[in-house]
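The sequence and the coordinates come first.

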Amino acid sequence: MKRLINILSAVLLATLLSAGVAAAASLGLTSKTLAAGSAPVTGCTSSALTATRNVDNSGNVTQVSVLSVPQACSGEMLAVTLENSSHTSLGSASTTVGACTGGCIVSVTGFGTVSAANVTAYALSLTG
Amino acid sequence: MRRFHLTPLRLCAGILLGSLAFAGVAYAASLGLGSSKLYAWSQTLTKGTCNQTSTTADDTYVQQASPNSTAGGTATTLTIKPTAGSQDYAFIRFNLSGCTLPTTAGADSAVLSIFVTTAGADTISLFPVYSSWSSSTLTWNGLSGLTIGSTATTTFSAATTGAKTATVTADVDAAIKAGTLWGWELRATSGAATVAIGAAENGTAARRPSMTLGYEK
């Protein structure tokens, strides 16, 4: 009986450890050990980009255009969030940056009904 | 082979180690380390107003019956007439250069105020103008050289005299991005009466065209 308990305990321990390693591997962490640290993340640009928006005659945002997106960002996901003065999201939308030569103008639509008068900031992100 | 003895202390240590491994994985997942590239930034907008008065307005009306006349450029009222073969169209624009808005700015709201001095049962439609004109030179025959939108932005009724408003936010927003606001052509799209609206040269300030403009940049 004591031998059986030893075996079961060992199996449990091995299972816990292997599960952790397997999950870490699925996240692409190459280290064989898991510890606190940071992984290098590179962006397609490090420059602040400029966004501008269009409105309909009711003053609601119809699209946001992000100007001069580098060609290197082609294929990445551009997400735009419209924020009010409390930095609360009023609406968000995203699109994939298409192929272009030089700086791209990327237009994002689908924010729902958001009054431009209430938008005081754009939060933007590019992820690949 | 050395036999492994699983003591209670070793068992607790194993469970603790396994738990830490799971916690590490969960923490890593919450950070979104699945992305190989990431760039984020924010842009704060400045809000303001830049209301327009007769001092920045330019207006005229052109007459089909006098196709080369520029008399509308100095008139104190602008005539709008739907009579076939003798139509009159009015034009109003504002010079927004004093607002110093970049082409990345935009209108949050824009409302045109017009004063009907001679009423008639007409619906007046505002069509956006996209090309250059001046009240000192525009004539009926010169209309063919203008680029004018085929869809009215908005309408108002001229059935009664007094102040009327027309929301023109989309047109002004687009004009800011284009760099210049070329204003609107006003013409009767229903009704048969000849109506008139106050011009920038009108002797009564309240009868002159104006526009409230709220913007972001």
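## Strand S6 of chain B

In this predicted model, S6(B) and S12(B) are paired antiparallel through 7 bridges; two strands count as paired if DSSP finds at least two bridges between them. Helices (H or I, at least four residues) and strands (E, at least two) are DSSP runs, numbered from the N terminus. Within this pair, Val111(B) lies opposite Thr212(B) of S12(B). S6(B) also pairs with S9(B), again in the antiparallel sense, over 6 bridges, and there Leu112(B) faces Ala166(B). With strand S11 (residues 195–198) of chain B, S6(B) forms 2 bridges, also antiparallel; Val116(B) has Ile197(B) as its bridge partner in S11(B).

Of the 13 residues of S6(B), 10 are buried, so the strand is largely enclosed by the rest of the structure. A residue is buried if 20 or more other C-beta atoms lie within 10 Å of its own, exposed if 12 or fewer, and partly exposed in between, with C-beta atoms placed from the backbone.

## Conventions

Residues are numbered from 1 along each chain as its sequence is written, while chains are lettered from A and ligands numbered from 1 in the order in which they are written. Because the model is predicted, local features need pLDDT of at least 70 and side-chain atom pairs count only at pLDDT 80 or more, whereas totals for chains, interfaces and linings use all residues.

## Helix H2 of chain B

Helix H2 (residues 169–178) of chain B has 7 buried residues out of 10, so the helix is largely enclosed by the rest of the structure. These buried residues are Thr169(B), Ala170(B), Asp171(B), Val172(B), Asp173(B), Ala175(B) and Ile176(B).

The cover over the buried residues of H2(B) includes elements of both chains: strand S1 (50–55) of chain A, and strands S6 (106–118), S7 (123–128), S9 (162–167) and S12 (210–216) of chain B. Just after H2(B), Gly179(B) adopts a positive phi of about 105°.

## The five-stranded sheet of chain B

An open sheet of 5 strands in chain B has the order S3-S5-S10-S7-S8, with antiparallel pairing. Strand S3 (57–63) and strand S8 (154–157) of chain B are the edge strands, each with a single partner, so one side of each is left without a neighbour in the sheet. From one strand to the next the twist averages 30°; axes are lines fitted to C-alpha atoms, for helices over the stretch in contact, and angles run from 0 to 180 degrees between N-to-C directions. S3(B) is joined to strand S5 (residues 88–94) of chain B by 7 bridges, the two running antiparallel. Ala57(B) has Phe94(B) as its bridge partner in S5(B).

The loop between strand S4 (77–80) and S5 of chain B contains Thr83(B). Thr83(B) counts as partly exposed because it has 13 C-beta neighbours inside 10 Å. Thr83(B) and Gln64(B) are 19 residues apart along the chain, and their C-alpha atoms are separated by 9.7 Å.

Strand S3 (residues 77–83) of chain A is joined to S4(A) by 7 antiparallel bridges, and Ala79(A) stands opposite Ser94(A) of S4(A).

## Composition and confidence

Chain B contains 2 helices and 12 strands, and 38% of its 217 residues count as buried. Chain A contains 1 helix and 6 strands, and buried residues make up 24% of its 128 residues. Among contacts between residues at least 6 apart in sequence, 84% in chain B join residues at least 24 apart; the corresponding share in chain A is 59%. Two residues are in contact if their C-beta atoms, placed from the backbone, lie within 7 Å.

The model scores ipTM 0.79 and pTM 0.78. Chain B averages a pLDDT of 90, and 83% of the residues score at least 70; pLDDT is the predictor's confidence in each residue, from 0 to 100. Over residues 20–33 of chain B the pLDDT is below 50, and this stretch has 18 contacts in the model beyond near neighbours in sequence. Where pLDDT is low, the predicted coordinates should not be read in detail.
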